[in-house]
Amino acid sequence: MNNIKIIYLAGGCFWGTEAYFKKLKGILKTNVGYANGDGDKTNYEIVSRTDHAETVKIYYDFSRISLTEILLHYFRIIDPKSINRQRNDFGRQYRTGIYWEDGDEESERIVKKFIKYEEDKIGKVAVEISSIKNFVKAEDYHQDYLDKNPMGYCHVNLNWADEPIIDDDRKFAEKNKREFLDDLSYDVMENADTERPFTSNLNDEYRKGIYVDKLSKKPLFASSDKFDSGCGWPSFSRPIISNYLEEEKDNSFGMIRTEVKSKSSDSHLGHVFNDGPRETGGLRYCINGAALEFIPYEDMDDEGYSDYKIFVK
């Protein structure tokens, strides 16, 4: 697979940090270790003397979860202004840090943009950012520690991983879909119909902004992830938030496909295929424009979508 990337996160005790991120959709593998200290040799007994930070090495599928979403989760579970301390853990080994692979300019750009975004909101943060240096994999008993020791110490509320990463007011309640949708949108979203190709005005929409569920108004895709596939329907390389969509096997019409539904309104959107651009992970979310509403970037604040602007390049 060429859609795997790596990011390193230091967020206090690595037991809880690892356990939290393992719960997220799109996280493929994790290792815990010690990073950005003096030299390439250390262990749990001497880590405070070698100035390494307890760190989780995260392998993720960037066609399923973006680095921006990962960083939003990271800031949820740390105190970004605390220096050399997270919850009950004290010492330089418990400092916070975000580290990218050497030469990974895209991750570096995203991390620096994200830190500026957070500092614009809350002021100066104490999170160390740099390329990874001297990462040493931790002892075997530390790997997947909380899986082996479910009652072990954890400074993170692992239940947060199951809660929305952005809390907005669009909590969808059951509505009469027929009342809120035009004929075509209703047929698509409720009856899994398909609009004719090249008929949606969103197929040729390439302004900056977000695409939301026409019924629930929950954001589903960002313009940054939209591309021209030539298929005649709006196409995206990944969802804006990994768990805003549901995917189900679809055997209709004698084909084997993967249906894409909006979780917030339980509505059909389209299908996802594996023939998208390789550089963006290889997925093509082929979505009916009739199920979407476009919110231009300049209108996102007024429409209550300010927290999603970080996803729009």
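Which residues does Ser262 touch, not counting residues up to four places away in sequence? In this predicted model, the list runs to Asp213, Leu220, Tyr244, Ser267 and Leu269. Ser262 itself sits in strand β14, which covers residues 257-262. With a relative accessibility of 0%, Ser262 counts as buried.

The next stop is helix α1, made of residues 14-22. Eight of the nine residues of α1 are buried, so this helix is largely enclosed by the rest of the structure. The buried ones are Phe14, Trp15, Gly16, Thr17, Glu18, Ala19, Tyr20 and Phe21. And what does the covering? The cover over these buried residues includes the strands β1 (4-11), β2 (27-35) and β3 (53-61), together with the helices α3 and α5.

One of those covering helices, α3, spans residues 67-77 and packs against α1 at an angle of about 140°, with the two axes 11 Å apart. The crossing of α1 and α3 is right-handed. On the α1 side, Thr17, Tyr20 and Phe21 make the contact, while α3 brings Ile70, His73, Tyr74, Arg76 and Ile77 to it. Sorted by class, this contact of α1 with α3 holds five nonpolar residues, two polar ones and one charged one.

From α3, the residues involved are Leu67, Thr68, Leu71, Leu72 and Phe75; they meet Ser107, Ile110, Val111, Phe114, Ile115, Tyr117 and Glu118 of α4. Counted by class, the contact of α3 with α4 has nine nonpolar, two polar and one charged residues. A bit of helix geometry is handy when looking at such lists: an α-helix has 3.6 residues a turn, so residues three or four places apart point the same way.

Is Glu118 buried or exposed? With a relative accessible area of 6%, Glu118 is buried, because the label applies to anything under 20%. Leaving out residues up to four places away in sequence, Glu118 touches Leu72, Phe75 and Gly123.

The largest nonpolar core has 78 residues, and Ile7 and Ile98 are the ones with the most contacts inside it. Which element gives the largest share of this core? That is α3, with seven residues. Setting aside its neighbours within four places in sequence, Ile98 is in contact with Ile7, Tyr8 and Leu9, with Leu71, Tyr74 and Phe75, with Val111 and Ile115, and with Val127, Glu128, Ile129 and Ser130.

Cys154 is found in the loop between α5 (145-148) and α6 (177-180). Its relative accessibility is 26%, so Cys154 counts as partly exposed. How far apart are the C-alpha atoms of Cys154 and Cys13? The separation is 7.7 Å, although the two residues are 141 residues apart along the chain. Not counting residues up to four places away in sequence, Cys154 touches Gly16 and Leu146. Gly16, as it happens, is also one of the buried residues of α1.

Two further loop residues have a backbone angle to look at. Asn84 has a phi near 60°, a positive value in a residue other than glycine. Asn84 lies in the loop between α3 and β4 (85-86), and its relative accessibility of 24% makes it partly exposed. Ala192 has a positive phi as well, of about 60°, and is not a glycine either. The place of Ala192 is the loop between α7 (183-191) and β9 (209-213). At a relative accessible area of 37%, Ala192 is partly exposed.

Notes
Residues numbered from 1 in each chain as written. Predicted model: local features only at pLDDT ≥ 70, side-chain atom pairs only at ≥ 80, totals over all residues. Heavy atoms only, no water. Axes fitted to C-alpha atoms, helices over the stretch in contact; angles between N-to-C directions. Helix = DSSP H or I, 4+ residues; strand = E, 2+ residues; numbered from the N terminus. Left-handed = near helix turned anticlockwise from the far one by under 90°. Contact = heavy atoms within 4.5 Å. Nonpolar A, V, L, I, M, F, W, Y, C, P; charged D, E, K, R; others polar. Core = buried A, V, L, I, M, F, W, Y, C linked by side-chain atoms within 4.5 Å. Buried < 20%, exposed > 50% of the residue type's maximum accessible area, 1.4 Å probe, protein only.
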